[in-house]
Amino acid sequence: ELALAESTIRGEQETQKADILSHINSAIAAVAQVHSADTAKMHGDVAWMQPKTAKVARELQDAIAAIEAQRTQDLAVLTGKLLANISAANATYQRTHAAEKKKGGDWCADAGSSPREAAR
């Protein structure tokens, strides 16, 4: 009877082990299935986002290029204005200096020094 009881207990233990392993394998399979579905969704999301991301990157590059072009244009305009102002100031100085020389005086000499020397 003892041998029969041990055999019965061993059989029940083996049945329980098999049942536990079956549950574990089912859980592993369920997790793998969820993981597979999540991975597929993630790949789908990435595929959906790629063209949108590329479009935003292109728009950003275009905006940067437009800003650079505008900056270059503004710089050229300001440089032109600066050169025109320098030229006008130089012409005014030359006319004033020529008029003073014509009168017989040198307005720089009258001041005791040239504008450059006065600036020192």
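**Charge pairs and overall picture**

Because lysine 17 and glutamate 14 are three residues apart in helix H1, about one helical turn separates them. Their side chains form a salt bridge, with the closest N and O atoms 3.6 Å apart; the term denotes a side-chain nitrogen of Lys or Arg within 4 Å of a carboxyl oxygen of Asp or Glu. The model is predicted, so local features need pLDDT of at least 70 and side-chain atom pairs count only at pLDDT 80 or more, whereas totals for chains, interfaces and linings use all residues. Residues are numbered from 1 along each chain as its sequence is written, and side-chain values use heavy atoms, with hydrogens and water left out.

**Confidence**

- The mean pLDDT of the protein chain is 89, and 87% of the residues score at least 70; pLDDT is the predictor's confidence in each residue, from 0 to 100.
- Helix H1 (residues 2-103) has the highest confidence, at a mean of 95, while helix H3 (residues 115-119) has the lowest, at 49.

**Fold and helix H1**

- The protein chain contains three helices and zero strands, in the order α-α-α along the sequence. Helices (H or I, at least four residues) and strands (E, at least two) are DSSP runs, numbered from the N terminus.
- The 102 residues of H1 should span 152 Å at 1.5 Å a residue, and its end C-alpha atoms, 143 Å apart, agree with that. The expected span is 1.5 Å times one less than the number of residues in the helix.
- Within H1, a kink of about 30 degrees lies at methionine 49, shortly before proline 51. The bend at a residue is the angle between axes fitted to the seven residues ending there and the seven starting there.

**Surface**

- Of the 120 residues in the protein chain, 2% count as buried. Buried means under 20% relative accessible area, exposed over 50%, and partly exposed in between (1.4 Å probe, protein chains only).
- The protein chain has an accessible surface of about 10,400 Å², and carbon and sulfur atoms account for 62% of it. Accessible areas come from the Shrake-Rupley method with a 1.4 Å probe; for residues, only the protein chains shown count as cover.
- Ile20, Leu21, Ile24 and Ile28 make a nonpolar surface patch of about 380 Å², and leucine 21 is placed in helix H1. Patches are made of residues with over 30% relative accessible area and no salt bridge, with like charges joined within 9 Å and nonpolar side chains (Val, Leu, Ile, Met, Phe, Trp, Tyr) within 5 Å.

**Salt bridges**

- Side chains of opposite charge can pair when their charged atoms come close. The count of salt bridges comes to five.
- Lysine 41 pairs with aspartate 45, the closest N and O atoms being 3.0 Å apart. Both lie in helix H1, four residues apart, about one turn of the helix. Lysine 41 is exposed at 52%, whereas aspartate 45 is partly exposed at 34%.
- Lysine 55 and glutamate 59 meet in a salt bridge with an N to O distance of 3.5 Å. Both lie in helix H1, four residues apart. Lysine 55 is partly exposed at 46%, as is glutamate 59 at 42%.
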